[in-house]
Amino acid sequence: MLGVTLATLLSAASAKIYFQEDFNDADWNKRWVQSKAKPAAERGAFEHTAGLWHGDAADKGIQTSEDARFYGISAKMTESFTNENKDLVLQFSVKWEQQVDCGGAYIKLMGETDQEKFGGDSAYQVMFGPDICGSSNRKTHAIFNYEPKNDNLQSKESIKVESDQLSHLYTMVVHPNNEYEVMIDEEVVSSGELEKNWDFLESREIKDPSISKPKDWVDAKKIADPEDVKPEGYDDIAEEIPDPSAEMPEDWDEEEDGEWEAPMMPNPDYKGPWKPKMIANPDYQGEWEHPMVPNPDFKEDPNLHVRCKDCSHVGFELWQVKSGTIFDDIIVTDSLDEAKEYAKKTFFAKQEGEKSMFEEAEKERQAAEAAEREAMAAAAAEEGEDEEDEEIDHDEL
């Protein structure tokens, strides 16, 4: 037990924190630079606030404040770093206070950046966090820039996202063994090998180009029964017949209306175009599988975990249809233990208070809506009585 404790203490002592931000002081905007990449009429401003519900009014974050706006803001880290042979941990909290319908809430890690020109075209190395737009696009982005392909690669797995109105903690960890974890509120929601979940590398195997499916390969599971013969007279069965229950109307005049004909109805004896019954194909050989061979273009990359090379800045570059998202408690480090300890002091310390305040606000909102509905119903009933009185007065006149 002493050995475990000592190892934990040594790990904490050697941990490196590259960036940490809780926005709890008035000088936060001296550390952060708002982008001017978009015209003034298109960009939104961040507000410094604890939000409508919170665990502590003094515990603030930054909140998007204007609908249908672009948002860009960034800060310089304590020092630039490369995560070779060590963990990369990126963690922050998001609160969709506005009942989000369409908006991004992801964070980016970047190298040297012109902060006033920071925008959608700015290069980044990591992009991580929730994105919601409608009912179909709801996921947590986990995107890495991969220099050999000069491409930003999205996770193949659709990672879950939280969409309620409470704060949630998003954590990404990339390990030196080329594995990763994504956590929400410290619960793992995605994990595995980087190589399998991102298209960093060419496929290890490809279909053998020297082999093709044999022309005589039989892969039809069923065939028409050669002994099944179409019954004689099958094609003579009409699709519709005159309705036998129909009777000529009494006022029908054949001299004026012409010869009466019963309306047509579906023929119960009609069975559609004839098809022979299907039977198992005695020559079926199964599904043909193309033989695989090693891909000559495949190149191993033992450093897939190096997702930050000289990372020096962190930022949010977003579009929000409906504003109100609050960001807080950001940490970039090489220690998951350090990130968890920071979350314990910040995110989890205010979680219960925020939840209680939100539930109370919801009760008040629901009560107000119920009162409004009752008032509208009473007004409608009174209006109906007034109209009824007016009708009575009119009748007496």
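This is a predicted model: local features need pLDDT of at least 70, side-chain atom pairs count only at pLDDT 80 or more; totals for chains, interfaces and linings use all residues.
Trainee: OK, how many helices and strands does the protein have?

Mentor: Both are DSSP runs numbered from the N terminus: helices are H or I with at least four residues, strands are E with at least two. On that count the protein has six helices and 22 strands.

Trainee: Is it a compact globule or more spread out?

Mentor: Start with the box: along the principal axes, the C-alpha atoms fill roughly 105 × 95 × 50 Å. The radius of gyration is taken over C-alpha atoms, and the globule rule is 2.2 Å times the number of residues to the power 0.38. For 397 residues that rule gives 21 Å, whereas the protein comes out at 34 Å, well over it, so the protein is more spread out than a compact globule.

Trainee: What share of the contacts between residues at least 6 apart in sequence joins residues at least 24 apart?

Mentor: Contact here means heavy atoms within 4.5 Å. Among contacts between residues at least 6 apart in sequence, the share that joins residues at least 24 apart is 74%.

Trainee: And what percentage of the residues is buried?

Mentor: Buried means under 20% relative accessible area, exposed means over 50%, and partly exposed is in between, with a 1.4 Å probe and protein chains only. Of the 397 residues in the protein, the buried ones make up 37%.

Trainee: Let's do cysteines. How many disulfides does a search of the whole structure find, and what pattern do they follow?

Mentor: A disulfide is a pair of cysteine sulfur atoms within 2.5 Å, and the search finds two. One joins Cys-102 and Cys-133, with sulfur atoms 2.0 Å apart; another joins Cys-308 and Cys-311, at 2.1 Å. Counting bonded cysteines along the chain, the pattern is 1-2, 3-4.

Trainee: Which strands does the link of Cys-102 and Cys-133 connect?

Mentor: That link is left-handed, with -85 degrees about the S-S bond. The pair links distant parts of the chain, 31 residues apart, with Cys-102 in strand 7 (residues 102-104) and Cys-133 in strand 9 (residues 126-133). Cys-102 is buried at 14% relative accessible area, whereas Cys-133 is partly exposed at 31%. The strands you asked for are strand 7 and strand 9.

Trainee: Why is the disulfide of Cys-308 and Cys-311 called left-handed?

Mentor: Cys-308 and Cys-311 are both buried. The handedness follows from the torsion about their S-S bond, so the value to quote is about -85 degrees.

Trainee: Where is Val-182, and which residues is it in contact with?

Mentor: Val-182 is found in strand 13 (residues 179-184) and is buried, with a relative accessible area of 1%. Its C-alpha atom is 4.6 Å from that of Met-172, ten residues away along the chain. Leaving aside neighbours within four places in sequence, Val-182 is in contact with Phe-128, Ile-159, Thr-171, Glu-187, Val-188, Val-189 and Ser-190.

Trainee: Phe-23 is not a glycine, so what is its phi?

Mentor: Phe-23 sits in the loop between strand 1 (17-21) and helix 2 (28-31). Its relative accessible area is 0%, so Phe-23 is buried. Its phi is positive, about 60 degrees.

Trainee: And what is phi of Asn-178?

Mentor: Asn-178 is in the loop between strand 12 (167-174) and strand 13, and is buried at 16% relative accessible area. Phi here is again a positive value in a residue other than glycine, near 65 degrees.

Trainee: Which residues is Thr-113 in contact with, leaving aside neighbours within four places in sequence?

Mentor: Thr-113 lies in the loop between strand 8 (107-110) and strand 9, and is buried at 16% relative accessible area. The C-alpha atoms of Thr-113 and His-313 are separated by 7.1 Å, although the two are 200 residues apart along the chain. Its contacts are Phe-118 and His-313.

Terms used:
Residues are numbered from 1 along each chain as its sequence is written. Side-chain values use heavy atoms; hydrogens and water are left out.
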